[in-house]
Amino acid sequence: MQVVRKLTTSTDLVQASKLIVWNRRFIGFLGLWPSKVNQPVFMFVVIYMIIYCIMGARHLIKNFNYPERVVANLTDNVLFAMILGKMFILRGSCGVMTKFLKSIEIDFSTEMYNNVQEKMAYLYYNEIAIIFLKFSTFMAGLAASLYYLKTFIKNWSAFVHGNFSYELPYPVHPFFEITDTTTYVCFCLYLSICIPIIVCGYSAPDAYVLSLTLHVCGQLATLSCKINNLLKDQKNYQHHVGNIVVRHRHLIRLADTLENKFNLIFLQQTLGTTFLLCVTLYHMLATSENGENYNVLAFVSYIICVISTILAYCYIGECLITESSGLRDAFYNTDWYNNPPRYTKLISICMIRAERPLLMTAGKFCALSLNTFTSIVKTSMAYLSVLRNFM
């Protein structure tokens, strides 16, 4: 029975480690996997995105007197600006994150877990990370594809009625005039590169950061189980206390690393979601009122993609607060007061540190939590109401 249980545990942890493999594939598409940065690929994607943003700015300037077109432009191009920002932040964090990923490799080995309870505590958060990775990449791919194709559906309808136009799938103004079908098709194919860039540039960095944060949450949950189990062993109490204090300190450093390196991603996601949710809903309502109901599915998938991402960020912030604060109760519920003073002092210090929960913040301004998510949605809906009355 013990052999079977050990094999099962080992298999589960191997499956858990595939989360890193999937993240490496998506982030690697941008050339940004920390331990293997592909500079030519990164430069190609950055140059492509910069050219796209310039064409988007040209479109915005040209149509500045048309509010509907301005909203359509911002709905798309704010997202691409966010992707570019995420890429630069990831590039700047590669050195530190290489060490981070190296330090968590041991967490996928059976030696880190003393019993099934500890393993299950970690695998719970690992499973959440895998679900989000699959869901976010699927929704990003679906939204990007539908958004790209909606213009062709509109053009086909116009073509049937003998009124074909060279409207592009994204609101950009190229550096040349499109006057024939061949040029139009070639430029549309050029713009189709945006679809994998949206999947890997928008959702993949989020899945990457969320996966690592949930990994820390899972290890904090495992540490709580260790405290409840190991500190009851009076014979090896000294050894267990030392290991637990070192592990606690290590997890605090990991959480602080994620916060320090990615708080700007959290900030731009918070601000970007507030803005995108407002303008996208307005754009959807405006096009629906104009009878363009074929756009609704594209807009709905886009909105789900945006709002699920910020919900995930706020949820993992809440999880981190809960698990880091839970260590205080785990320490307190042991017989720490019946042990020698030097061990009591160590446990007391750990409890005092656990009083201040670990946080993920939006640019050091506000902590991410489910309350933050509620505030973002309320703010966005308030802006939408003002926008509809104004325009």
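## An aspartate in α7

The side chains of Asp206 and Tyr313 are joined by a polar contact of 2.5 Å (N or O atoms within 3.5 Å, one able to donate a hydrogen and the other to accept it; residues adjacent in sequence count only if both atoms are side-chain atoms). This is a predicted model, where local features need pLDDT of at least 70, side-chain atom pairs need 80 or more, and totals for chains, interfaces and linings use all residues. Residues are numbered from 1 along each chain as its sequence is written, and side-chain values use heavy atoms, without hydrogens or water.

Asp206 sits in helix α7 (residues 194–230); helices are DSSP runs of H or I, at least four residues, numbered from the N terminus. Its relative accessible area is 0%, so Asp206 counts as buried (under 20%, with a 1.4 Å probe and protein chains only). Leaving out residues up to four places away in sequence, Asp206 touches Lys86, Phe132, Ile265, Gln269, Thr309 and Tyr313 (heavy atoms within 4.5 Å).

## Helix α10

Buried here are Tyr343, Thr344, Ile347, Cys350, Met351, Arg353 and Ala354.

## Helix α2

Helix α2 (residues 39–62) also agrees with expectation: 24 residues should span 34 Å, and its end C-alpha atoms are 34 Å apart. Among its buried residues are Phe42, Tyr48 and His59.

Technical notes
Buried means under 20% relative accessible area, exposed over 50%, partly exposed in between (1.4 Å probe, protein chains only). Helices (H or I, at least four residues) and strands (E, at least two) are DSSP runs, numbered from the N terminus. The expected span of a helix is 1.5 Å times one less than its number of residues.
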